[in-house]
Structure formats: structure tokens, C-alpha cells
Amino acid sequence: MATKLRARLKRRRSPTSESRPVQLLLIGISLLFMAIILVLPLYAVFHEALSKGIGTFFAALGEHDAQAAIRLTLLVAAIAVPLNVVFGLAASWAIAKFEFKGKAFLITLIDLPFSVSPVISGLVYVLLFGAGSFLGPFLKSYGIEVLFALPGIVLATIFVTFPFVARELIPLMQDQGTGDEEAALSLGANGLQTFWRVTLPNIKWGLLYGVLLCNARAMGEFGAVAVVSGKIRGQTTTMPLQVEMLYNEYNATAAFALASLLALLALVTLVLKSALEWRFGEEIAAGNH
Amino acid sequence: MEVRVQNVRKEFDRFPALHDVSLDIHSGELIALLGPSGSGKTTLLRLIAGLEMPTAGKIFFGDTDASEKTVQERNIGFVFQHYALFRHMTILENISFGLKVRPRSTRPPNGEIRRRAMELLDLVQLTGLEKRYPNQLSGGQRQRVALARALAIEPAVLLLDEPFGALDAQVRRELRKWLREIHDRTGHTTVFVTHDQEEALELSDRLCVMSQGKIEQVGTPDTVYDHPTSPFVFGFIGESSTLPVTVENGELWVGGRAIGVPAGDATPGDARLFFRPHDVELVEADASLAGVVSTSRRVGGTRRVELEIGGAGHHVEVDLPFDHPAGEKTRLAFRPRRWKLFPAA
């Protein structure tokens, strides 16, 4: 009787699903992993930041250097992200809609920032614009400082975050092909109208994901920026750099206060992404159709 | 609008897709470009549309040279095989797109655009679906929206690229009939590409059979079916059987036997005989094509018999009524009622 029942239960399960204990085990492992790797550190950050009371927390954030770091980080993101949106759109457009020689090479190049250590990308700019280079003194003679100043930080950030938008858009645009654009053109739309009314709406969700990821990385970038910024307190120190400096000075509370703000920005990004998915899920599905 | 394609050549990366093609499309006709894949039919359609530019040659719309005009300037309606509807727009927005993107000076007022879009929606029998999105419609409905969208700009020429290719057989037949009705009502000069000969024969006023980047034959469906001018057309349109024959003494010979078919004015020597499997008569006489039945199967209302003729292993097919007593025999003798001779390849 019992074996019969078990056989029936077994049969009811779809061939690709696992038995209950295996399911629980797999879910358990992933939850445990997430707790140790993600939730625990996040908790530690906020716990440490608030350990000396909410007053100290806000005092640390209100400090002049911290304020400067926050402003600089936001400014860098505000310049780097829009530029990467333009570059990413142009690159993925070219790759997805046209056939040309060296296309595979271009795709590989776009991935380069992912495969190169950020420190090296920073060093490249030091070599390009440093005192011993050709470009550095040349620009300096016109009063333009690149290294240890905002332009260098922006350049390094753009380099590191370049792939996010393009990577998100290339497969999407390749998948969609050029049919919709041809249809729009045949109906009399000019190039600009086709882009605004057909191409852009078709990729808007992918673009938004790319922008959110790009933004999160732009604000959090440490390695490349550390090399080019020179870490001048209150001037070229971004939030991640400021966190490190404070921590090295045994000012743990202030370091974690700023760190928690950075983590919060990342969380907001994720929440925003999920909210958009939830709100426009149907439309996103239709867009990917 | 009359369309004239004049000595058009098209190469892709130096690989020729069309060789010196000329075609006159009459005003108001429904013409099919028919051919196997790779025959250049879609390339020709896209050249007429302006989605591709010819390597050499000219395309005239009426008396004006359209070769140098962009796709926007040509004012054509193009219907794509996979519909290419704008997925983020409602059906109504899709249909009005072509009018909405016009420059202000030629754009009708919004109310007028809406009225015309609704009218077209009615024409394609989709009234009430204007607020839906493309992914909420069936394939057949989407293709009808695509047609309405193309008609909205009052195109000089309507071009359809395998319009029913992605649909199942039944919807295909329905839409075919419906497209013919729309054409008769609106009178647009229409060119459509298909690889389905049945579709082309049933739907078109004239058809243009293409193969390997060349036009093989242009004519009414009856002409092309009854009087194919090349072995390719005979083989591609309708069922056909073929056999190598010899022309001698004003008669056709197979394996040293006269087959009772007069050669007419064909030049003596080797030739190929083409005939339709259903267009044969069974005979008892000596002078006939006789063969051993190698397979025999019933297909619906007919019985298709494959015969091996002579010792050289040539096979031909003939059709018999399914209940014909000859269907039981192991040997059959027949003569084609209508046939065509082409020089040996």
C-alpha cells in the first residue's frame, strides 16, 4: 500500500524536478551561503556604523571631508554614467546592426575592462598623463590637470564601467535585429525618429539595467580611482577611498558610517531595479518577446 | 503605379545575388515573385523598396527614376515575413505610425489620423483590438495589422515579403483569399514574394519565376503552368516527371523504342521530355512508355505510381484514379497527353 502510494507520488513529480529533501538541501545551501557572504557583512557594516549611536553616525557623515567625498562620488557618477550610456549605445548599435571587419575584435575590446585588474587600468592613465609622459606636461601647459584631479578620476571610472551598458545591450539588439528599424524607415520615418520612437523603446529596459549597474560600479570603484586620484583629502577622495583612509586611521565608526551610505546606495539601486521589474514586468516581458 | 526594373544587378560582398534582371510591373496588378530560397526574389523586392541599393541598373516608379531615392522617399508599403510590429505600441499606434512621423506640413491632424487608422482596422477586420499590444494577437492577426500599417501611408506600391510564411496552413489559406479581396478593393500595385507555388498560382495576376538570381519566366499563372519555357519552370511549378529521350525520324525514342509521341519540329538528337503525372493516358499499344511498377501509393483521391522505364533505371511518376484497376498491375504502358521537349542538359 505504502509503496504504491510512494510510486504514485513519484510519478506525479515532473521529470526535471528533484525530490523534496534534495530541494530543501539545495535551498538551504544557497540561503546559508547568502547569509554568510552577503547578509552578515551588510549587517556588520550597519551595526558598526551605528555602534556609537545615531548622533555620531550623522556627525561622521556631516564632516567636511566626508561631504566632499560624497559630492565627488556623485559628480563622477553623474559624468561617467551618461557618457557610458552614449558610448554603450553607439558600440552596441554598431555591433548589432552592422556587419564590418574587426567586429569580433571590438566585442573583445569592450570586455577588456572586465578582464584587466582595475589597478592596471589606473596605472595606464598614470603612464598616459603622468609627469614623465608626453600628454601630461602638454596638457599642463594649457592649465589642464588630469592626474590627481577630477578628469583622471572620471576617465578611470569610465574605463572600468564601460562594459556594463554595452554588454547589456549587445545581445538584446542582436536578438531584435533590424526588422523594426526597416519597418519604421519604410513607413517614412527618418533616422532620428526611428531611433527615438522604435529603437530606444525596444531596448529601454536593457538600457536601464545597464545604467543601474554602471552607476553602482561607478560609485563603488576603488582600484583604478585609487591610483589616479592621489587621495588628496577633501579634493580627490571619493567615498570608497575615504572609507579606506578613515579605516586606516582607526576611525572605524566614521569609516563604517560612510561605508553604510555606500551600501545603502547599492541597495537603493537593487530596490529600484526590482521595483521596475515588478511594476513593468509585463511590458518587459513583451519587450523581450 | 507602374514599376519598371531595368537591367538590375546586385552583389553582396562581390557575390552576385541578381544578374541583370528586368521586369515590368503593371499598375494595379498583383504579381508574385516565386522561386526557391536563394533565387534572389527577396533581394529584388528589397531593391524595389529601397531597403537595398542596386549595384547596377535602374528602377522606375512611373516615369521617375527611383534608383537614387531613399526608402522614405519612395513611399512604399512593406510587409515583413515576421511582421516587425512595434511591440511597445498598441495596434492603433502601430497603424498610425507612418502618418505620425510625417513632417508637420504634410501630417494630417490627430483626429484625422485616428479616423483613418480605425478605418484600416475595420478593413483588416480587427475592429475592437486597437488597444491591444502585438504580443496579445495571433500570428494571422499580427500580419493583418502589418498590412493595415503599410496601407496607412497610401503607398504607391505594396510589397510583401513572404507574408504568410510564418503562419500555419489553414490561416495561410484564409489570409490568401482575404489579401486578394483587399487588393481588389483597394487596387494597389502589389508585389509579393513567396516560395509556395500554390499560393502564387492562386493569388497572383501574373507570376515571375526566379532561379539563381535570374528571371526564368513571367506570365499569368495559366501560361506559366501550361507553357513553361524552361526545364526549371516545368519542374518548379506543379508536379512533373522527366525522362531523357532521343529525337529521330520525327518521333521520340526511349531505349531504342518509339514511344508514340511525335517530335514536332524538335531537332534530332538527345532531349528531355517533361510531362505532368496526372496528364497521361494508359494505353495497350506497342508505341508507348512502358515500365515496371516500382512503388504505388494512394494519396487522397489519386494513386501515384512510380515506374521504372527501360533498363537505365529512369523513374517517372504517373497518377491514376485511386480505384483504377491498373493500379494493381506490375507493368503499365502510357502516353503523356501533353508534354514538352527541352534540349538535353
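Tutor: Strands β12 and β13 (residues 257-262) of chain B pair in the antiparallel sense, over three bridges. A strand here is a DSSP run of E with at least two residues, a helix is a run of H or I with at least four, and both are numbered from the N terminus. Two strands count as paired if DSSP finds at least two bridges between them. Across this pair, B:Trp253 stands opposite B:Ala258 in β13(B). The two strands make a hairpin with two residues between them, where B:Gly255 takes a positive phi near 55 degrees.

Before going on, bear in mind that this is a predicted model, in which local features need pLDDT of at least 70 and side-chain atom pairs count only at pLDDT 80 or more, while totals for chains, interfaces and linings use all residues. Residues are numbered from 1 along each chain as its sequence is written, and chains are lettered from A and ligands numbered from 1 in the order in which they are written.

Now back to β12(B) and its other partner. Strand β11 (residues 241-248) of chain B also pairs with β12(B) in the antiparallel sense, again over three bridges. In that pairing, B:Val247 has B:Leu252 as its bridge partner. These two strands form a hairpin as well, with two residues between them, and B:Asn249 in the turn has a positive phi of about 55 degrees.

Chain B has nine helices and 20 strands. Its C-alpha atoms fill a box of roughly 80 × 45 × 35 Å along the principal axes. Of its 345 residues, 40% count as buried, where buried means 20 or more other C-beta atoms (placed from the backbone) within 10 Å of the residue's own, exposed means 12 or fewer, and partly exposed is in between. Residues 24 or more positions apart account for 66% of the chain's contacts with a separation of 6 or more; a contact means C-beta atoms, placed from the backbone, within 7 Å.

Five of its five residues are buried, so β7(B) is largely enclosed by the rest of the structure. Both of its faces are covered, with B:Val157, B:Leu159 and B:Asp161 on one side and B:Leu158 and B:Leu160 on the other. β7(B) runs parallel to β6(B), joined by four bridges, and B:Phe78 stands opposite B:Leu159. Five bridges join β7(B) to strand β8 (residues 189-194) of chain B, also in parallel, with B:Val157 opposite B:Thr189.

B:Leu159 turns up again in the largest nonpolar core, which has 99 residues: B:Ile48, B:Leu159 and B:Cys208 touch the most other members. Such a core is a set of buried Ala, Val, Leu, Ile, Met, Phe, Trp, Tyr and Cys residues joined through C-beta atoms within 7 Å. Helix α5 (residues 139-151) of chain B gives the most to this core, with six residues. Leaving aside neighbours within four places in sequence, B:Ile48 is in contact with B:Val3, B:Val5, B:Ile59, B:Val157, B:Leu159 and B:Val191.

Further along chain B there is an open, antiparallel sheet of five strands, in the order β15-β19-β16-β17-β18. β15 (280-282) and β18 (314-321) of chain B stand at the edges with a single partner strand each, so one side of each has no neighbour in the sheet. Within this sheet, strands β16 (residues 289-299) and β19 (residues 331-336) of chain B pair in the antiparallel sense over four bridges, and B:Gly291 stands opposite B:Leu332.

Last, the partner chain. The contact takes 20 residues from chain B and 17 residues from chain A. On the chain B side, α2 (71-74), β6 (76-79) and α3 (91-100) are the elements that give two or more residues.

Definitions and conventions:
Two residues are in contact if their C-beta atoms, placed from the backbone, lie within 7 Å.
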